[in-house]
Amino acid sequence: MPEEKKQKEQGKDALSPEKKAFPIIGIGTSAGGLEALEKFFSHVPPHTNMAFVVIQHLSPNHKSLMPSLLGKYTGMKVHVIEDGMETESGCIYLNPPEYQVALFHGALHLTEKIRDGNIWLPIDAFFRSLAEDLGKKAIGIVLSGTASDGTLGIRNIKEKGGIVMVQEPEDARYDGMPRSAIASGCADFILPVDKMPDQLIRYVKHPYVEKTEGTEAPDKIFGNHIQKILARIRTVTGHDFTHYKKNTVRRRVERRMAVHQLENISDYYRYLMEHPQETRTLFQDMLIGVTDFFRDPEAFEILEKQLWEMFARHPDNSLIRIWVSGCASGEEVYSVTMLAVEVMEKMNRQFRFQIFASDIDGKAIEQARKAVYPDSIAARVSPERLRRFFMKEGGWYRIKKQIREMIIFAVQNLIQDPPYSRIDLLCCRNLLIYLDSHLQKKIFPLLHYTMNPGGILFLGTSESIGEFTDLFAPADAKWKIYRRKESASDRAGDAAPLYMGQFPVRTSGTGKKSPDPADAQQLAEQYILNHYTPSGVLIDEQCRIHHFMGKTDFCLMPPSGKPDFNIANMAREGLKYKLLACIQTAFAQKKTAHCKGIRLKYNGGFRTVDLQVSPMEGKDSSSLFWLVLFNDISPPLLHEGKEEKEEGGDKGKDPVIANLEYELQSAREYLQSNVEELETSNEELRSGNEELQSVNEELQSANEELETSKEELQSTNEELITVNAELQKKVEELSVVNSDISNLLASTDIGTIFLDTALCIKRFTPAMTRIFNLIGTDIGRPVAHITTNIPFENLRKDALEVLHTLERQEKEIQDSEGKCYHLRISPYRTVENVIDGVVLTFADISLLKEKDQVLRESNDRLSLSLEFPGVGTSAWDMAKDEIIWEGKNHPLFENAGGKRTGTYRDFLNMIHPEDREDIRAAISLALKEEENFNLEYRVLLPGGRTRRILEKGRIYRNEQGKALRAASFCRDISEQSSGC
């Protein structure tokens, strides 16, 4: 038993994070994942030294068949994850439904799904734990699926130095997850799923993955090539990474070497030179732009309280300036903006905001400007904020315009470019951790300079202010929120290197560091500096004194009242104006300026000094300080004798000389007044210049926004071009329709004229020219001005009546040539059902009138013939089975009375029985073949009498030859038959 226990402990120890010799690969997939997984694992060797953890979106109501289905395509063992399960190489682990999987020290742990209404993102959660547990050895793969789960998780993998593989969208059944992952910019490999295993196997064999942390001792050759690579990046991108932390730079370079399967740094440098795009890719890797909405929620809760206190100190409608440096893809600045708006509304107050967001990465700034994020952000953003500040667009969330327009985005290098000024809240999270101490010592004084008194500095949880406790005071030490301290003289840039060992350097402590009494050499040097070097002071560009050297009381004296270290305010009488003139000359020319023989009052006498102002240049060649030296050239005691002499000789002065001295004194006072006014103007101009610099920076940012707007306008222009093409197509169709209508109106040969409400001509057809004497230029003229062949006065009266009553009128009119027309006057209605005139149509009915007259005469003759006894007509409608007999004394009837109706059967019943079958057969034959027919038959009359009838008729057929109607003429021939 003890031996078994020992073996188990040894086995467990073998799987500890320090001794695990195999990589763990996280695979995220959703819809269409089965097909992708089958294709993936069918190309993975069965005895590979890797473990695979597959995270899917599973239904809790159905048991997953994935283990058995995948088992057909791989020789590896397939397990459903259990809580605390240790990972082993050569195995596949599947997540159970309703559980979130996390990796901790190589073991898989399960957490039940929390039903809090937030979106369920198991892939993001596992990828995040994978990155935290494995660091640079983390490998994430995104396969087919909808929505965007996994996008946030691969950012964490990329931040820790791992790699990301994404299935080609064209190769995926559902491309939502792959496209979202690619859009994040974190994908290292975009491959068809069957190509992934081969690339994965080659990658995990690279030394970057196999070696453990701390084993890569930097060698001189590697370091030299790193410097060459950084120089190449600076040449291509303009950004210098020299002072980034060496380990960070090395890991990023080694990661790119692993991606390209290069083991030698010299080979990678050669690859970098041969492939220019790789330089920009490495640059993007260096930036590590990973962020999230409301990252570290507890920190934002503390920040909310700080904002509440800050807003309370500002009056209503005042300007609040916020700067988020290193904003990456924008989540941080949008989070801060939303929080500021919420605090303002909770306080029921109103402020004006100027919010700046800057980053060195132009691509990240472009993404931030778009303000579009995957729907997986719902796991980090509360439902209330999603409803209030976001709009849902398919599988994405877009920041609402209210928040987006509050922020100005700009590409800015915090180290090289001018900063924003008068900032109330400065967020610089997770940026300083990648910079070495040299850059941090430059940046903290810069941040202090940009902020307003009492401003808030918000750092990342792994960052601190270090030795700059004299610039910032902690507001919350845990979450790294600081307040700007006020000091008599703010620390300015890299001042320490400029002293070059000659002047004592300020320390962050309150005490003064004194030299060691035992150090004789230092004491001697200090003695020489105090007794044998010119007196002087060290000033900055605002003329503030930072250091005194030697005795300067004969030139400078402290002013009364509030302490003031401005050299102009401390200068003695006679020195101030020439001192300022010499300083201004030195500032303007950027070189040493001299002023000799300045006579000034001191202790009731006079002294003569030579003045020298020289620039002090630091290592970066920027003139931050100026050295002002005073060389006393007065002869010993000479000034006192002169003073006594002057005092004793006052009584014997010439009046003219006394008057000239008085005028000179007045002129000096007047000149002093002008100089003071000039000083005031200079200060105002200096202040205005600073404001203009800030405005210029803001205008540069606004210019960036205008460029974005230009792109949006270009996109809108493309849409307008499309719309214009569609309208052009519609115009062409309308032209064809107009042509068709014109041809239709012309072909009908009906005269039509369109008049407006004032009876002016709008349009007419060609046939109208035969009635009105119209030409093309008559459009727009009143119709009354046109000569016509018809009585127009009645026509005009009728047209006005139609306009008034809106009832159509029809009548027949005749022109002067005798032609007859059917006139129709109708109101003209637009498509909006508005009456906009009348329409007159003239149909020539002269021919119809003639034919009508002929037909009327024919009918009259027929009517006269039917007046004779024994004569009649019949009309048979076969469809209705109706026969109409007409005639005053129709031969088929006695006392017919003019007109009778009946059916075909009624007709047969009237025929004599002996003739009935013959007539039926004759009629049937005629209906089938003949056009005309002749019938002779007898009819029975009341009382048993008979009458012989002769009937002649015609059959009318349709186009198919079917008989439709028949018409006949009947005559009584009984007397003719008996006569014979």
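Visitor: What makes the crossing of H13 and H14 right-handed rather than left-handed?

Guide: The crossing of helix H13 and helix H14 is right-handed, because that word is used if the near helix is turned clockwise from the far one by less than a right angle, and left-handed if anticlockwise. This is a predicted model, in which local features need pLDDT of at least 70 and side-chain atom pairs count only at pLDDT 80 or more, while totals for chains, interfaces and linings use all residues. Residues are numbered from 1 along each chain as its sequence is written, and side-chain values use heavy atoms, with hydrogens and water left out.

Visitor: Why are H13 and H14 called oblique to each other?

Guide: The axes of H13 (residues 297-312) and H14 (residues 331-346) come within 10 Å and cross at roughly 50°. Angles under 35 degrees count as roughly parallel, 65 to 115 as roughly perpendicular, over 145 as roughly antiparallel and the rest as oblique, and therefore H13 and H14 are oblique to each other.

Visitor: Which residues of H13 and H14 meet?

Guide: Residues in contact have heavy atoms within 4.5 Å, and those of H13 that meet H14 include Phe 300, Leu 303 and Trp 308, while those on the H14 side include Val 336, Leu 339 and Met 344. By class, this contact of H13 with H14 has 10 nonpolar, 1 polar and 3 charged residues.

Visitor: How do you know that the buried residues of H15 line one face of the helix?

Guide: In helix H15 (residues 362-370), Ala 364, Ile 365, Ala 368 and Arg 369 are buried (under 20% relative accessible area, whereas exposed is over 50% and partly exposed lies in between). Seen down the axis of H15, these buried residues fall within an arc of 140°, so they line one face of the helix. On the other side of H15, Lys 363 and Lys 370 are exposed.

Visitor: Is Pro 891 buried or exposed, and how do you know?

Guide: Its relative accessibility is 0%, so Pro 891 counts as buried. Pro 891 is found in the loop between strand E32 (882-887) and strand E33 (898-902), and, leaving aside residues up to four places away in sequence, among the residues that Pro 891 touches are Gly 870, Val 939, Ile 949 and Cys 970.

Visitor: Why does Asn 317 count as partly exposed?

Guide: The relative accessibility of Asn 317 is 48%, so this residue counts as partly exposed. Asn 317 has its place in the loop between H13 and strand E11 (319-325), and its phi is near 65°, a positive value in a residue other than glycine.

Note on methods. Axes are lines fitted to C-alpha atoms, for helices over the stretch in contact, and angles run from 0 to 180 degrees between N-to-C directions. Helices (H or I, at least four residues) and strands (E, at least two) are DSSP runs, numbered from the N terminus. Ala, Val, Leu, Ile, Met, Phe, Trp, Tyr, Cys and Pro count as nonpolar, Asp, Glu, Lys and Arg as charged, and the others, Gly among them, as polar. Buried means under 20% relative accessible area, exposed over 50%, partly exposed in between (1.4 Å probe, protein chains only). The arc is that of the directions from the helix axis to the C-beta atoms.
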